[in-house]
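Trainee: Please take me closely through one part of this model, and say how far its confidence lets us read it.

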Amino acid sequence: MQPIAFSQFTIQSIAWMSPQPITTILRRKTTSLRRLQPIFAVASPARHQTTHSMPPEKLEIFKSIESWVSESVLPLLKPVEKCWQPSEFLPNKSQGPEQFAEEVRALRQRVLGLSDDIYLVVLYGTMTERCFAAYQTMINTWEGVRDETGSSPSPWAIWTRAWTAEENRHGNLLRTYLYLSGRVDMLMIEETQQYLIGAGMDNGTKNNPYLGFVYTSFQERATFLSHGKMARLAKEGGDPVLARICGTIAADEKRHENAYTKIIEKLLEVDPNVTMLAIANMMKKKITMPMHLMYDGRDPNIFEHFSAMSQRLGIYTSRDYAEIIEFFIARWKLEKLEGLEGEARRARDFVCGLPPKIRRLQNRADERAKKLESRRVKFSWIFNKEVSV
Ligand SMILES: [Fe+2]
Ligand SMILES: [Fe+2]
């Protein structure tokens with residue numbers, strides 16, 4: 001079955017790393033069917049970038065809830081000594097070279113049952129995790145919560161640094177596991193990663209923490225769900241260790257989701273109108289996933305190809321997008337939110353009406369997809385093997 005994959009890329013060469021090399025950045029050409037793409041394919045890197053969108057008087061709001069952050073958000077971080085570390089899931093060198101080689105052999109044996117498309121999904125998840133430099137940069141653009149010095153004692157900054165360190169573990173573990181598996185072209189992965197971090201990300205949060213924390217709430221829930229699905233696929237493919245890795249990472253993502261969701265809940269309590277408008281603002285733009293500027297130096301449509309394949313596997317689809325919005329409508333009790341003024345009331349009605357609309361679009365897209373032929377596409381990350389998209 002052909003998954004939905006209708007938007008097209010054009011390539012725009014930008015000498016932003018001049019004098020050389022010339023780096024290509026993907027620019028997505030909008031089509032009337034773009035809205036039917038899996039949501040993480042909805043990206044608009046060429047959109048106008050607005051900065052400093054939060055009125056300065058709102059800084060006080062974020063200052064005023066710092067003690068609440070210390071009491072209610074920081075406890076969601078685990079002390080380092082109680083955290084898992086990547087080496088606990090990987091072949092152990094301390095048992096001597098023979099035991100290590102034996103454990104690597106066992107790992108390679110386990111991954112043989114995983115299909116190429118599942119492998120690509122895990123690879124994508126790995127690269128998303130390894131984008132933490134871009135995430136931390138993004139969060140430190142948000143006014144009132146940024147880390148002003150790089151080691152600021154503000155609870156906002158403490159959270160951001162510790163959160164980054166947790167994301168760092170996820171990427172390190174998955175990358176090492178995939179490297180030892182021998183099934184991926186590490187050079188292509190590394191080039192993709194370098195392109196990706198160099199390109200950065202534009203998620204439309206405009207230096208604004210109201211918008212930013214809506215984005216991170218959504219992003220963490222999406223990552224929690226996709227890691228959970230990866231765990232199931234790994235188990236079905238015969239690799240219980242990879243399944244345990246994905247499940248462990250999913251548990252961390254759930255904790256992160258809790259933290260960001262609590263922050264929006266608090267903002268709804270202290271500043272309901274502006275927070276409600278921020279939720280609607282991000283939903284109108286659609287949440288852009290962090291890999292939308294992905295490029296491997298070979299395939300200018302790699303993001304589109306990956307998105308189509310992921311949609312086919314059901315890893316992250318428009319249905320998930322609708323379910324995530326529904327989850328937040330319930331979690332933040334948006335339907336019962338009181339004290340909203342005119343525009344914010346309309347924003348609430350817009351957000352609460354979104355899930356059925358998205359599902360209707362998805363159903364139409366499914367019907368259309370059934371009529372299309374599947375294509376075979378080569379992916380450089382797995383030595384140019386072909387996968388159906
Ligand atoms: Fe993560
Ligand atoms: Fe996370």
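Mentor: The chain averages a pLDDT (the predictor's confidence in each residue, from 0 to 100) of 84, and 87% of the residues score at least 70. This is a predicted model, in which local features need pLDDT of at least 70 and side-chain atom pairs count only at pLDDT 80 or more, while totals for chains, interfaces and linings use all residues. Residues are numbered from 1 along each chain as its sequence is written, with chains lettered from A and ligands numbered from 1 in the order in which they are written.

Over residues 1-46 the pLDDT is below 50, although this stretch has 103 contacts beyond near neighbours in sequence (C-beta atoms, placed from the backbone, within 7 Å). Where pLDDT is low, the predicted coordinates should not be read in detail.

The part I would examine is the loop between helix H7 (186-199) and H8, where Lys-206 lies and where Asn-207 is also found; helices are DSSP runs of H or I, at least four residues, and strands runs of E, at least two, numbered from the N terminus. Lys-206 has a positive phi of about 50° although it is not a glycine, and Asn-207, also not a glycine, has a positive phi of about 60°. Most residues other than glycine have a negative phi. Lys-206 counts as partly exposed because it has 19 C-beta neighbours inside 10 Å, and Asn-207, with 18 other C-beta atoms within 10 Å, is partly exposed too (buried means 20 or more, exposed 12 or fewer, with C-beta atoms placed from the backbone).

Not counting residues up to four places away in sequence, Val-214 touches Ile-264, Ala-278, Ile-279 and Met-282.

Methods. Contact = placed C-beta atoms within 7 Å.
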